[in-house]
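Dear colleague,

Please find below the structure that I am handing over to you. I would be grateful if you could read the notes with the coordinates open.

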Amino acid sequence: MVANGGRLADRQICVKLFVRHGDEDRAIAFYREALGAELLQRHEWPSGILTSADLRIGESVFRIAGANPRRDAEPELGGPRSPHALGTTAVILELHVRDVDRVIGRAIGAGASLRNPAETLSTGDRVGAFIDPFGHIWALFNAIEDADIVDLSIEARNAA
C-alpha cells in the first residue's frame, strides 16, 4: 500500500476492500466519482491484469482488491471473500465529510443504494449511509463544530 513515500508507516493499519474479481476498475471509478478518492497506485501482474489499487480519501489510504473467484465460490476454503459472495459485510466504513447529503447524492448517482437517509441527530450531527455497488456499507457523518455545541441543560434552564 502506498503511504509515506511508498512505504507503510509504522503501526499503520491497511484496510483492503474486496470486490468480485473483475470489478476492480469499476470500484476505482466509483470511489473516485462518489467519494472523491485519489488513485495512488495500481498493482498489476506482468501481463497487465489489475490485482489491486491504492486509493486515498482525505488522510485515509485503502486498497481495492479483487477477491479470488475460487474462494468466493467455495466458502470452505476460507476468506477473504467479497460482500457479494458473503451476502453481507462484516464492517461499516465510517467517513466524515463536510456535506452528508451531497456525498450520498453523488454515491446514489454513481450506483450506490441508500441504506439510511441523511438525518440530523439531536446533537446537530448529520448522518446517513449507503451501500456501494460492491456491497460495502459507508456511514457518513458531518459532526457539528465544538463552537456550535450548545449546553442543552443551560438552554433549557434559560427557557424556563
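The notes below describe the fold, the core and the salt bridges.

This is a predicted model, in which local features need pLDDT of at least 70, side-chain atom pairs count only at pLDDT 80 or more, and totals for chains, interfaces and linings use all residues. Residues are numbered from 1 along each chain as its sequence is written, and side-chain values use heavy atoms, with hydrogens and water left out.

Overall fold

The secondary structure of the chain consists of five helices and eight strands, where helices (H or I, at least four residues) and strands (E, at least two) are DSSP runs numbered from the N terminus. Read from the N terminus, the order of elements is β-α-β-β-β-α-α-β-α-β-β-β-α. Of the 160 residues in the chain, 34% are buried; buried means under 20% relative accessible area, exposed over 50%, and partly exposed in between (1.4 Å probe, protein chains only). Contact means heavy atoms within 4.5 Å. Among contacts between residues at least 6 apart in sequence, 49% join residues at least 24 apart.

An open sheet of four strands has the order β1-β4-β3-β2, with mixed pairing; two strands pair if DSSP finds at least two bridges between them. Because β1 (15-19) and β2 (38-44) stand at the edges with a single partner strand each, one side of each is left without a neighbour in the sheet. Neighbouring strands of this sheet are turned against each other by 25 degrees on average, direction ignored. Axes here are lines fitted to C-alpha atoms, for helices over the stretch in contact, and angles run from 0 to 180 degrees between N-to-C directions.

Strands β3 (residues 50-57) and β4 (residues 60-66) run antiparallel and are joined by six bridges. Within this pairing, Ala-53 stands opposite Ile-64 in β4. Helix α1 (residues 24-35) lies across β1, β2, β3 and β4, and runs at about 10 degrees to β3.

The nonpolar core

A nonpolar core is a set of buried Ala, Val, Leu, Ile, Met, Phe, Trp, Tyr and Cys residues joined through side-chain atoms within 4.5 Å. The largest one has 27 residues, and those with the most contacts inside it are Tyr-31, Leu-35, Phe-130 and Trp-138. Two or more residues come from each of β1, α1, β3, β4, β5 (92-96), α4 (100-109) and β8 (137-142). Helix α1 gives the most to this core, with six residues.

Asp-54 forms one with Arg-63, with the closest N and O atoms 2.7 Å apart; Asp-54 and Arg-63 are both buried. Arg-70 and Glu-74 meet in another (3.5 Å, N to O), and Glu-74 is partly exposed at 28% relative accessibility.

The side chains of Arg-126 and Asp-101 also form a salt bridge (2.8 Å, N to O). Arg-126 lies in strand β7 (residues 126-131) and Asp-101 in helix α4, so the pair ties together parts that are 25 residues apart in sequence. Arg-126 is partly exposed, with a relative accessible area of 22%, and Asp-101 is partly exposed at 36%. Salt bridges that share partners join Arg-20, Asp-23 and Arg-26 into one network.

Yours sincerely

Conventions
Salt bridge = Lys/Arg side-chain N within 4 Å of Asp/Glu carboxyl O.
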